[in-house]
Amino acid sequence: MSDFPRTPPRYSATFTPAVNAEIRRAAATGIYDIRGGGTKRHLPHFDDLLFLGASISRYPLEGYREKCATDVWLGTRHAKNPIHLDIPITIAGMSFGALSGPAKEALGRGATAAGTSTTTGDGGMTEEERGHSKTLVYQYLPSRYGMNPDDLRRADAIEIVVGQGAKPGGGGMLLGQKISDRVANMRNLPKGIDQRSACRHPDWTGPDDLEIKILELREITNWEKPIYVKVGGARPYYDTALAVKAGADVVVLDGMQGGTAATQDVFIEHVGMPILACIPQAVKALQDLGMHRRVQLIVSGGIRSGADVAKAMALGADAVSIGTAALIALGDNDPRWEEEYQKLGTTADAYDDWHEGKDPAGITTQDPELSKRFDPVLGGRRLKNYLKVMTLEAQTIARACGKNHLHNLEPEDLCSLTIEAAAMAGVPLAGTNWIPGKNGGF
Amino acid sequence: MQTFDLGAESLRALNSSLHALKGQTNMTEWEVINPKGAHAIAAGVDAPVDITVRGSTGYYCAGMNKQATIRIKGSAGPGVAENMMSGTVIIDGDASQYAGATGRGGLLVIKGNASSRCGISMKGIDIVVHGNIGHMSCFMAQSGNVLVLGNAGEALGDSLYEARIFVRGSVKSLGADCIEKEMRDEHFLIVEDLLRRGEAEGKAKPEEFRRYGSARKLYTFNIDNASSY
C-alpha cells in the first residue's frame with residue numbers, strides 16, 4: 001500500500017445515491033413509483049419572498065387594535081347566491097375514497113368553525129361532509145362518480161375540475177384496496193378493483209364546449225351557485241383567460257406543489273409549474289380582461305402559513321386553498337405513529353403512500369380499524385385552530401404593511417431573495433429595483 | 001297541453017317553469033316549439049311529465065333528467081341526456097357525440113344514428129340505438145345496457161367495466177379489454193325487453209344480436225398489461 005493520500009470517494013451530482021436507488025428499484029420491479037405528497041424537489045416558493053414592512057414612507061396599523069378584515073366574496077360575477085367566507089383560506093377537494101368518512105367530517109367541522117368552505121372530491125358528496133360543512137363546494141370531475149342533480153343543488157358552489165397541480169394533464173387511479181363496499185357503491189363499480197379517474201371530461205372538450213357545459217350546470221341549478229373552474233398550473237395565462245371566457249365565476253389555480261393526489265413520481269416532479277410562477281400570469285390574464293377581482297382567483301399548492309397566504313394575496317389572489325397542510329393539521333404524518341411508519345419503510349413527515357390505504361393516522365384509508373384511530377371532533381378542532389393561526393399570521397403581516405384588509409396587500413409590499421423568484425413573482429430583487437424580465441429583459 | 005315558444009321566451013324561463021313542476025301536478029303535457037338548436041333544453045327536470053321538443057336541440061338536452069319523458073322530434077346535439085338519472089328520452093333523428101354520457105339510469109332511445117362516444121362512462125342507463133353508433137362508444141362504461149340495431153364503429157367498449165353491449169350488425173373493432181361473450185338466456189330476455197321499451201319491436205329479433213363485455217383483465221393495474229393501455 002502506498003502512503004500517498006487516496007482520492008476520497010466522491011458522489012456524483014447527477015447519479016446521487018437517491019437517483020441510483022430509484023434506478024435499482026425500477027430495475028427490480030419494472031414499474032414506476034406512485035405516491036402522493038406533491039413535488040419534493042426544491043422549487044422557487046413563497047419562502048423566497050419577503051414583506052417590506054411599513055416605516056416612514058408607509059405607516060402600519062396597530063396590532064390587536066386596528067381592524068384588518070379577512071373576509072372574501074366568491075362567485076359575484078353571475079351567481080345569484082355568491083359565497084361569503086370569513087377567511088380567505090379554503091379547504092381543497094379531496095375525495096371520499098382517498099380519505100375516510102370521519103376525515104371528511106373533520107374537514108367540514110374545522111372549516112365551518114373557522115368560517116370557510118370545504119370541497120368534495122372524486123367520489124361524490126357524503127352525508128358526513130355535507131352535514132358538517134356550512135359551505136361546501138361540489139366538484140364536477142371527469143369521472144362523474146356519484147354525480148347527481150340533487151347534490152348539485154344542495155352544494156353551495158360547483159367546481160369544474162379540469163386539472164390539478166400534482167398532475168396537470170393526468171387522470172388518477174384509486175387502488176382496489178381502498179374500494180370498500182361504500183366507496184364501490186358510490187362510484188357504481190365492483191368492489192376491490194382499481195378505479196380510473198379520467199383525465200378528460202367525457203362530454204366536452206375545449207373552451208367553447210366548456211362555456212356550454214357551464215350554461216347547462218347553471219340552468220340545472222337555476223343560476224344560484226357560483227361556478228369555479230380548477231386548473232393545474234401549466235399555462236396559467238391562457239387557462240385563466242379561457243376559463244373567464246367560458247363564464248367561470250372563480251378560477252382555482254393549483255401549482256405543482258399541490259399534492260394530496262397520488263400519481264407517478266415522475267409526473268409529480270416534472271410536469272407543471274410552481275405556484276409562485278403561476279399567480280402573476282393568472283392575475284395578468286384577469287387584468288388584461290378587466291376581470292381582476294370580478295372573477296375571483298383561488299390559488300393552492302404548498303400553502304403552509306399565514307405568510308404564504310399573505311404573499312399569495314399580495315400577488316393578486318383573492319383566496320387560497322390548502323390540502324396537504326390540512327391533512328397534517330388533522331394529524332397525518334405525526335411522529336406519534338413513528339413505529340408504524342417505520343414498519344411501512346418510511347418515517348413521520350415523509351409518508352406519502354396515501355393511495356395504499358395503510359395510513360397509520362387513520363385519515364387516508366378505508367380500513368375500519370385504522371379509521372377508528374381518528375377522532376373527527378378533535379381533528380376538526382385542530383384544523384380550526386390551524387386556520388385561525390394562519391389568519392392571525394396573515395393579519396399581522398398585513399397590518400405591518402399598513403393594510404386594513406388582506407385584499408389590500410399588493411406586489412409593492414414584496415421583494416425577492418433570489419433572481420429566479422423575482423422574475424417569477426414580478427417583484428424586485430431585495431435591495432434593488434430590478435425585476436428580471438420586466439422592461440425588455442429575457 | 002302547455003306550449004312553450006323558445007322563439008319568443010328565454011331558455012331560463014323554460015327551465016324555470018319545468019323545474020317548478022315538483023311533486024304532483026296536472027300540467028303533465030308540455031310542448032316546446034322553435035328550439036332552433038338551443039343548448040340545455042329541459043336540463044335538470046325532476047317530475048313525471050311528458051315534454052315534446054318539436055325540432056332539433058343543441059348540447060345537453062335533457063341533461064341529468066329525472067322522471068320525465070322527453071321526446072325530441074328532430075336530432076339532438078352533443079351530450080343528450082348526459083348523466084340522466086331516470087325517465088325516458090326518445091330522439092326521432094340522430095344524436096351527436098357523447099349521447100347518454102355518464103347516465104345513471106332511465107332509458108335513452110335514438111331512432112337514427114349516434115355519433116362517437118355514445119354511452120361513454122355510463123353508470124346504469126339503458127341506451128337503444130336503431131341505427132349505427134360511432135367510434136369509442138361505451139368507453140369506460142361502468143354499468144347499464146347498450147343495444148345497437150345497426151353497426152358499431154372502432155374501439156367499441158374500450159376499457160369497459162361492467163356495462164353490457166349488444167350489437168346486431170358489424171363491429172369495426174373492439175377496444176382494449178372488450179371481448180365478445182356468449183349470449184345466454186338472460187341476455188336474450190334483456191334484449192327483448194330493450195327492443196320493446198326502445199320502440200324497436202318488430203325491427204329486430206333477440207337472436208340476431210351479439211354480446212360484448214369486459215374481459216376484466218385491466219381491472220387491476222398490472223405492468224405486464226402496459227402495452228394494452
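Predicted model: local features only at pLDDT ≥ 70, side-chain atom pairs only at ≥ 80, totals over all residues.
Helices and strands here are DSSP runs, a helix having at least four residues and a strand at least two, numbered from the N terminus.

Along its sequence the elements follow the pattern β-α-β-β-β-β-β-β-β-β-β-α-β. The radius of gyration of chain B is 18 Å, close to the 17 Å that the globule rule gives for 229 residues, so the chain is as compact as a globular protein of that length. Its C-alpha atoms occupy a box of roughly 60 × 40 × 30 Å along the principal axes, and buried residues make up 56% of the 229. If we take the contacts in chain B with a separation of 6 or more, residues 24 or more positions apart account for 25% of them.

The part of chain B I would like you to find on the screen is strand 2, residues 29-33. Which residues lie on its covered face, and which on its uncovered one? The covered face consists of B:Trp30 and B:Val32, while B:Glu29, B:Glu31 and B:Ile33 make up the uncovered face. On the one hand, strand 2 of chain B is joined by four bridges to strand 1, residues 2-5 of chain B, and the two run parallel; within that pairing, B:Gln2 has B:Trp30 as its bridge partner. On the other hand, strand 2 of chain B also pairs with strand 3, residues 50-54 of chain B, again in the parallel sense and over five bridges, and there B:Glu29 stands opposite B:Asp50.

From strand 3 we can move on to B:Gly55, which is found in the loop between strand 3 and strand 4 (69-72) of chain B. The C-alpha atom of B:Gly55 is separated by 9.0 Å from that of B:Ala76, which lies 21 residues away along the chain.

Now to chain A, whose secondary structure comes to 15 helices and 16 strands. Its radius of gyration is 22 Å, close to the 22 Å that the globule rule gives for 442 residues, so chain A is as compact as a globular protein of that length. The C-alpha atoms of chain A fill a box of roughly 70 × 70 × 45 Å along the principal axes, and 55% of the 442 residues count as buried. In chain A, residues 24 or more positions apart account for 67% of the contacts with a separation of 6 or more.

Chain A contains an open sheet of eight strands, paired in parallel, in the order 5-15-14-12-11-8-7-6. Strand 5 (89-91) and strand 6 (118-119) of chain A stand at the edges with a single partner strand each, so one side of each is left without a neighbour in the sheet. For strand 6 of chain A, that partner is strand 7, residues 136-140, to which two bridges join it, and A:Thr119 has A:Val137 as its bridge partner.

Across strand 11 (227-232) and strand 12 (250-254) of chain A lies helix 7, residues 236-245, running at about 155° to strand 12. Helix 7 of chain A is mostly covered, with seven of its 10 residues buried, among them A:Asp239, A:Leu242 and A:Val244. What do these buried residues of helix 7 pack against? They pack against helix 6, strand 11, strand 12 and helix 9 (275-288) of chain A. After helix 7 of chain A comes A:Gly247, with a positive phi near 105°.

I will finish with the contact between the chains, which takes 23 residues from chain A and 36 residues from chain B. Helix 6 of chain A, residues 206-220, gives the most to the side of chain A that touches chain B, namely five residues. That side of chain A divides into 12 nonpolar, five polar and six charged residues.

Key: Residues numbered from 1 in each chain as written. Chains lettered and ligands numbered in written order. Pairing = 2+ DSSP bridges. Contact = placed C-beta atoms within 7 Å. Axes fitted to C-alpha atoms, helices over the stretch in contact; angles between N-to-C directions. Nonpolar A, V, L, I, M, F, W, Y, C, P; charged D, E, K, R; others polar. Rg over C-alpha atoms; globule rule 2.2 N^0.38 Å. Buried ≥ 20, exposed ≤ 12 C-beta atoms within 10 Å, placed from the backbone.
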